[in-house]
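Student: I would like to learn how to read packing and charge pairs in a structure. Could you take me through an example?

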Amino acid sequence: MPLTDLTLEQCLALRPELDEPADLDAFWEQTLLAARAVGGTTRHTRVDTGLTQVVTYDVTAPGFAGEPVRGWLHLPAGADGPLGCVVEFLGYGRGRGLAHEQVLWANAGYAHFIMDTRGQGWSTAGGDTPDTATLNGEVPGFLTRGLADPHDHYYRRVFTDAVRFTEAARAHPAVDPARVVVTGISQGGGISLAVAGLLPGLAGVMPDVPFLCDIRRGALIAGAPPYTEIAEYLRLHRDRTGTVFTTLSYVDAALLAARATAPSLFSIAMMDEVCPPSTCFAAYHRYGGPKDLRVYEFNGHEGGGGHHRREQLAWVQRLFHTPHLATAPDLATLHDLRPA
């Protein structure tokens, strides 16, 4: 797949001007206050997966408007708590899947929470969390759900779910609340950046080829869905461009990432047609905390795959044992951070 966006050198120098709503912080403060005020109880029900070294629980936690959000909790069998914890958000179209499928982090000795994404679960894994909103006139998918008003937008509900789910993870007796990292690929990467910007006190964040960053640019240049949903919508509704991008600015993870303070490890793929690298770099450059980066020059949206999982395992181990090592590199050294 050829390079379809800016070069690496151009991306390293990129400092995009993004339109930020004046009331962005107030919007999210009020949203989260309302969700927390509803209350609700988190439930954990043990399930038999047939695995002997990982113990798994079916999780139901209160999310947006107190609505139930499903997920999994994997724990290393016989481990003494409290444990470091990884909270994972999923890619576009993917649901939480089957209970035995994603056990890498538990096998590494950590608590691992996986959040189902409301309304999704039709692609690589099924889901169990419905989206209760009924909105008409959107392009199939999720980016155009509720474009008329940021209060109605789909990702307002998802980001709120994710914050509340992470709070439920921190409250679990097996988890050390001071050692919680959020992560995800693509959509999950964008959600993890939003959570990092909205929820203080995280130990770290690992966004991989993140979606939902510099959304306007993504809609202009992406060669494959989901950003193309926005272009398809505006191809018909030519008079709604201003409203559309005003609404989407409230859920742009590159803007929320500027509020984050936790150490971060990004991955960006330079031949990515789904989440063009310039959009991911917009979030990286604006990120408010210490940041580290792995660039995969010859990969598309699959990113670093197993090679990057290895990078993440080493990074989390260093972070939990020697937090001062998670510091920001000089941009001039980024070429040295590419995998061999």
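Student: How many residues does the largest nonpolar core have, and which of them have the most contacts inside it?

Tutor: Please keep in mind throughout that this is a predicted model. A nonpolar core is read as a set of buried nonpolar residues joined through their side-chain atoms. Here the largest such core has 82 residues, and those with the most contacts inside it are Y155, F159, I230 and F281. Helix α4, which spans residues 154-170, gives the most to this core, contributing nine residues.

Student: Which residues does F281 touch, if we leave out residues up to four places away in sequence?

Tutor: With those residues set aside, F281 touches L8, C11 and L12, and also I268, M270, L293 and V295.

Student: Let us turn to charged side chains. How many salt bridges does the structure hold?

Tutor: A salt bridge is read from the distance between a side-chain nitrogen of Lys or Arg and a carboxyl oxygen of Asp or Glu, with 4 Å as the cut-off. The structure holds 18 of them. In one of these, D25 pairs with R259, and their closest N and O atoms are 2.8 Å apart. This pair links distant parts of the chain, since D25 belongs to helix α2 (residues 24-38) while R259 sits in the loop between α9 (253-257) and β8 (264-269), 234 residues apart.

Student: Where do E167 and R164 lie, and how many residues apart are they?

Tutor: Both E167 and R164 lie in helix α4, three residues apart, which is about one turn of the helix. Their side chains meet in a salt bridge, at 2.9 Å from N to O. E167 counts as buried because its relative accessibility is 18%, and R164 counts as buried because its value is 12%.

Conventions:
Residues numbered from 1 in each chain as written. Predicted model: local features only at pLDDT ≥ 70, side-chain atom pairs only at ≥ 80, totals over all residues. Heavy atoms only, no water. Core = buried A, V, L, I, M, F, W, Y, C linked by side-chain atoms within 4.5 Å. Buried < 20%, exposed > 50% of the residue type's maximum accessible area, 1.4 Å probe, protein only. Helix = DSSP H or I, 4+ residues; strand = E, 2+ residues; numbered from the N terminus. Contact = heavy atoms within 4.5 Å.
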